Amino acid sequence: MKSELRQRDAWRNLEEHFEQTKGHLLRELFANDPARATRFSAEAEGIYLDYSKNRVTSETMALLFELARESGLETRRDAMFKGEHINVSEDRAVLHIALRLPAGASLVVDDVDVVSQVHDVLARMTDFANRVRSGDWKGATGKPIKNVVNVGIGGSDLGPVMAYEALRYYSKRDLTFRFVSNVDSTDFVEAVRDLSPDETLFIISSKTFTTLETLTNAQSARDWVTSALGTDAVAHHFVAVSTNEKLVTTFGIDTKNMFGFWDWVGGRYSMDSAIGLSTMLAIGPELFAELLAGFHAMDEHFRTAPLEKNLPVLMGLIGLWNRDFLGCPSVGVMPYEQYLKRLPAYLQQLTMESNGKHVTLRGGEIDYDTGALYWGEPGTNGQHSFYQLIHQGTTIVPVDLIGFAQSLNPLGRHHDILSSNVFAQAEALAFGKTEEEVRAEGTPEHVVAHRVMQGNRPTNVLLCEVLTPRLLGSLVALYEHVVFTQGAIWGVDSFDQWGVELGKVLAVRIIPELESSDEPELHHDSSTNELIKRYRALKRNDHDAGS
């Protein structure tokens, strides 16, 4: 029996429409409609979206809007903004949108005004950031802080790393920022190799203060500081982003230097919470406020704009069309802005952890595709590596090309050359090159087939003026709400991540088997048992070689 989604009238109409239009070429669609670029574009909060080079028609879009309405997108969106418990598997509200509500606003959830709580934490973050940035905060030896190391993983790392790299132009350049997430000891060792403990501040970011990878790195950081400065130095060189006062205190951090957040903030939606403390330290409280304002502006656009002009809805629906009807398994995100080099990695978690689900909100099995793979690199680097597959490969990869009209670092012709590639790649992917065009260039016949580009590859072009903290906030919020749009239509819970937990649980079981001095009794499958035995043998060889 078909799922509820596939039984909807709009879905069935889209299936019929796809069969009727699947042979359409973008060349033909543009040739038959001189105004296509104007009709298939929209703009909000400094982001101009040209979606005309997608394989859609006016009828496609009308049917997609109908599907969104039949699926209750607007109702679910309104429920999120009201603070209803739309994360059903964990019975929680989903309120990252509250993190950027302005002071004076009110949102009461479960009898608590969450906005006042948010601004209480922001005020404490602001005071702390000003003290560190001014040099008033001193380390154990009386020296000001020169180095900040954020220790986290997942949303506690990807957001801060991406934001720091994106806004590095605006950062305080006499502060050094490093980020440690991988439990691989090399990550920590290389991060602190050239730093001095008496000038280094660690931000330990873990909501529960129990995350294995984060706490392992945190303990190594503590040992690194205390071996040089003594145990009393911990209070001067560590702060926590957490809600677990007991464990934070046990670690040696004064709870006055603990910055909290809430269970209604998912890790991948938390870069504008206290998890963004390193961002505030880097760019200052005023620019951090601009970042929040950009988030909020896009929130309001998503909440109030008609679906037909709503950027997150447009991108979400086109992504769903590409995934479920064109059969495209992945999406490439290519920012033509070096500062956004970590944006694709950030979006991987945001999208794939949110919508990589196989059951509906009601627990029913899904019989349609969800959660495309997200990946990418900054332009023009990718053009000299994987764009070959995008242009001529057998798998169609829709691409988001993100460009800026102005560079923060103008230098000769660099930016015009960079930007020309945004428009050229979109044009080439859409229209390709036919056999006739290849032959007209005088190409030898035996080479013609190799130089044909089929085109008809979908792209979105997002064109902005210049990268600012406010623009970054709007851009990230845009993708957050794209995820929401697709999750609402697919009928999945975009705000839990149970799939992350299983491997972690099994790893905790395996750790003592790797560390045991005696041969452990193993009860895994034969492959896992053999791998553990081989690891232990190789590990002993290393110890023998060192003795």
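Here is a friendly conversation about how some features of this structure get their names.

Reader: What kind of model is this, and how are its residues numbered?
Author: Welcome! This is a predicted model, in which local features need pLDDT of at least 70, side-chain atom pairs count only at pLDDT 80 or more, and totals for chains, interfaces and linings use all residues. Residues are numbered from 1 along each chain as its sequence is written, and side-chain values use heavy atoms, with hydrogens and water left out.

Reader: Why is Ala93 called buried?
Author: Buried means under 20% relative accessible area, exposed means over 50%, and partly exposed is in between (1.4 Å probe, protein chains only). Ala93 has 6% relative accessibility, so Ala93 counts as buried.

Reader: Where is Ala93 found, and what does Ala93 touch?
Author: Look in the loop between helix 6 (73–82) and strand 3 (108–109). Helices (H or I, at least four residues) and strands (E, at least two) are DSSP runs, numbered from the N terminus. Contact means heavy atoms within 4.5 Å. Not counting residues up to four places away in sequence, Ala93 touches Gly83, Glu84, His85, Val109 and Trp264.

Reader: What makes a group of residues a nonpolar core?
Author: The members must be buried Ala, Val, Leu, Ile, Met, Phe, Trp, Tyr or Cys residues joined through side-chain atoms within 4.5 Å. The largest such core here has 125 residues, and Trp264 and Leu281 have the most contacts inside it. Helix 21 (residues 469–490) gives the most to this core, with 13 residues. Another core, of 23 residues, lies apart from it, with Val149, Ala191, Leu195 and Ala233 among its members.

Reader: Which residues does Leu281 touch?
Author: Leaving out residues up to four places away in sequence, the partners of Leu281 include Phe128, Val132, Leu175 and Ile203.

Reader: Why is Arg77 called buried?
Author: Arg77 has a relative accessibility of 8%, and therefore counts as buried. This residue lies in helix 6. Setting aside neighbours within four places in sequence, Arg77 is in contact with Phe302, Arg303, Ala305, Leu307, Asn310 and Phe484.

Reader: How do you know that Glu4 and Arg362 form a salt bridge?
Author: A salt bridge needs a side-chain nitrogen of Lys or Arg within 4 Å of a carboxyl oxygen of Asp or Glu. In Glu4 and Arg362 the closest N and O atoms are 3.5 Å apart, and the pair forms a salt bridge. Glu4 lies in helix 1 (residues 4–7) and Arg362 in the loop between helix 16 (343–355) and strand 11 (373–375), so the pair ties together parts that are 358 residues apart in sequence. The structure holds 36 salt bridges.

Reader: Are Glu4 and Arg362 exposed or partly exposed?
Author: Glu4 has a relative accessible area of 45%, so Glu4 is partly exposed. Arg362 has 75%, so Arg362 is exposed.

Reader: What other salt bridges are there?
Author: Arg168 forms one with Glu165, their closest N and O atoms being 3.2 Å apart. Arg168 is partly exposed because its relative accessible area is 31%, whereas Glu165 is buried, at 15%. Glu441 and Arg451 also meet in a salt bridge (3.6 Å, N to O). Glu441 is partly exposed, with 46% relative accessible area, and Arg451 counts as partly exposed at 38%.

Reader: What makes Leu212, Val508 and Ile511 a nonpolar patch?
Author: Patches are made of residues with over 30% relative accessible area and no salt bridge; like charges are joined within 9 Å, and nonpolar side chains (Val, Leu, Ile, Met, Phe, Trp, Tyr) within 5 Å. Leu212 has a relative accessible area of 41% and is partly exposed. Leaving aside neighbours within four places in sequence, Leu212 is in contact with Val508 and Ile511. These three form a nonpolar patch on the surface, with about 230 Å² of accessible area together; accessible areas come from the Shrake-Rupley method with a 1.4 Å probe, and for residues only the protein chains shown count as cover. Leu212 is in helix 10, and Val508 lies in helix 22 (residues 498–515).
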